[in-house]
Amino acid sequence: MIASRLIQFLIVLWLVATFTFFLIRIIPGDPVDILVPTRRLPGSVAAERAKEVRRDLGLNNSLPKQYVDYLAQVATFDLGKDYGSGRPVTDTLKTALPVSLQLMLYAQILALAFAIPLGVFTAYRAGTRADRSLNATAFGLLALPNFVLGLLLSFIIGAELKWLPSVGYEPGWLDPIFDSSRTGNFGEHIKTMILPSVTLAVGQIAIYMRLLRSDMIATLQENFITMARSKGISDRRILWRHALRPSSITLLTVAGLNVGTLIGGAVVVEVIFNLGGMGKAIVFALNTKQYVTLQSLILVIAALFVLVNFLVDLLYTVVDPRIRRARAAS
């Protein structure tokens, strides 16, 4: 299983690398026009500078040669250099990746911490007024865009009430692992991450709660649940010990696939709360046509996405013993 997953992982990375390479190159405009400030330089100097940039970026080569050179770089874990700042792309990753990883992790933990109890409760009380009220609230949260909620939280709780920072970022527990010089106060870090995490998590809470509720209602109709009830096992034990685990497969799958959605949402959230994460770095690289940086950042995100879904696949066997037995038999 691990070998086949590793092969799939490499194929996905190759497809993503190929797709982003050609997609970025069909974007209208020449990156050299942005990288070389012709208005501020004399004509001959600007022309010479443009030639130098074009040579360094390999833009004078044919497209197939550029593609092969790019794949060779990726294969040796060389992510290239940000031409605007002159720094390696890995330097950008060291500062941006921990921010986005922590933001997505906090948002997922927050979403699951609220969604699981609510999903179990609404399934147990299906059809009651409490169930209908919570479902209506979930639909309302789903209809609320991230940027609207983020702006409201930033303005009301951050700017007006001043309970939490409305913008800014303090390095947390993951930053020193990527860059030892980036240390900060953990308490301040949590304060800066509460509003962005809540903004990103609210929509996920509604999705996860609805999914778990549906699966729990179906599970509670199974024969083994009826048998457990006939043995006098309490409702609390049936819900949390016998029904929750087999009902969590869909929730796990969607939580893994939602990594892509969280990355998309993180772009907006990072801009609103001025967090220097991957989303903000991608938007900057796109606006300034930093081909090398953009390709590398997207490739890293794709690798994370595939890795998370691989881990989710492994969790299936932990959550549901039937899957473990089926895989062992095959």
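# Close-up views of a predicted helical model

**View 1. Gly232 in the loop that joins two helices.** Gly232 sits in the loop between α10 and α11. The model shown in this and the following views is predicted. With a relative accessible area of 62%, Gly232 is exposed. The C-alpha atoms of Gly232 and Lys289 are 66 Å apart in space, while 57 residues separate the two in sequence.

**View 2. The packing of α10 against α11.** Helix α10 covers residues 223–230, and its axis lies 11 Å from that of α11, at an angle of about 145 degrees. The crossing in which α10 passes α11 is right-handed. On the α10 side, the residues in contact are Phe224, Ile225, Ala228 and Arg229; on the α11 side, they are Asp235, Ile238, His242 and Ala243. This contact of α10 with α11 consists of five nonpolar, one polar and two charged residues. The loop that holds Gly232 lies between these two helices in the chain.

**View 3. The packing of α5 against α11.** Helix α5 (residues 89–124) and helix α11 (residues 235–243) have axes that come within 11 Å and cross at roughly 130 degrees. That angle makes α5 oblique to α11. The crossing of α5 and α11 is right-handed. From α5, Ile116, Pro117, Val120 and Tyr124 take part in the contact, and they meet Asp235, Leu239 and Trp240 of α11. By class, the residues of the contact of α5 with α11 are six nonpolar, no polar and one charged. Asp235 of α11 meets residues of α5, and Asp235 is also listed in the contact of α10 with α11.

**View 4. The packing of α7 against α12.** Helix α7 is formed by residues 146–160 and helix α12 by residues 249–272; their axes are 10 Å apart, and the packing angle is about 25 degrees. The two helices, α7 and α12, are therefore roughly parallel to each other. In this pair, α7 passes α12 in a right-handed crossing. Asn146, Phe147, Gly150 and Leu151 are the α7 residues of the contact, and Gly265, Val268 and Ile272 are their counterparts in α12.

View 5. Asp175 belongs to helix α8, which spans residues 175–178. Its relative accessible area is 0%, so Asp175 is buried. A polar contact of 2.7 Å joins the side chain of Asp175 to the side chain of Tyr169. Leaving aside residues up to four places away in sequence, Asp175 touches Pro98, Val99, Gln102, Tyr169 and Arg182. Among them, Pro98, Val99 and Gln102 have numbers that fall within residues 89–124 of α5.

View 6. Thr192 is a residue of helix α9, which covers residues 186–219. Thr192 counts as buried because its relative accessibility is 8%, and the cut-off for buried is under 20%. The side chain of Thr192 reaches the backbone oxygen of His189 at 2.7 Å. Not counting residues up to four places away in sequence, Thr192 touches Pro165, Gly168, Tyr169 and Glu170.

**View 7. Gln8 in α1.** Gln8 is found in helix α1, which runs over residues 2–25. Its relative accessibility is 40%, so Gln8 counts as partly exposed. In sequence, 273 residues separate Gln8 from Ala281; in space, the two are 28 Å apart, C-alpha to C-alpha.

**View 8. The whole chain, for orientation.** The chain contains 15 helices and zero strands. Its C-alpha trace spans about 90 × 60 × 35 Å along the principal axes. Of the 330 residues in the chain, 40% are buried; Asp175 is one of the buried residues. Among contacts in the chain with a separation of 6 or more, 75% are between residues 24 or more positions apart.

Key. Residues are numbered from 1 along each chain as its sequence is written. This is a predicted model: local features need pLDDT of at least 70, side-chain atom pairs count only at pLDDT 80 or more; totals for chains, interfaces and linings use all residues. Side-chain values use heavy atoms; hydrogens and water are left out. Axes are lines fitted to C-alpha atoms, for helices over the stretch in contact, and angles run from 0 to 180 degrees between N-to-C directions. Helices (H or I, at least four residues) and strands (E, at least two) are DSSP runs, numbered from the N terminus. Angles under 35 degrees count as roughly parallel, over 145 as roughly antiparallel, 65 to 115 as roughly perpendicular and the rest as oblique. A crossing is left-handed if the near helix is turned anticlockwise from the far one by less than a right angle, and right-handed if clockwise. Contact means heavy atoms within 4.5 Å. Buried means under 20% relative accessible area, exposed over 50%, partly exposed in between (1.4 Å probe, protein chains only). A polar contact is a pair of N or O atoms within 3.5 Å; within protein, one must be able to donate a hydrogen and the other to accept it, and residues adjacent in sequence count only if both atoms are side-chain atoms. Ala, Val, Leu, Ile, Met, Phe, Trp, Tyr, Cys and Pro count as nonpolar, Asp, Glu, Lys and Arg as charged, and the others, Gly among them, as polar.
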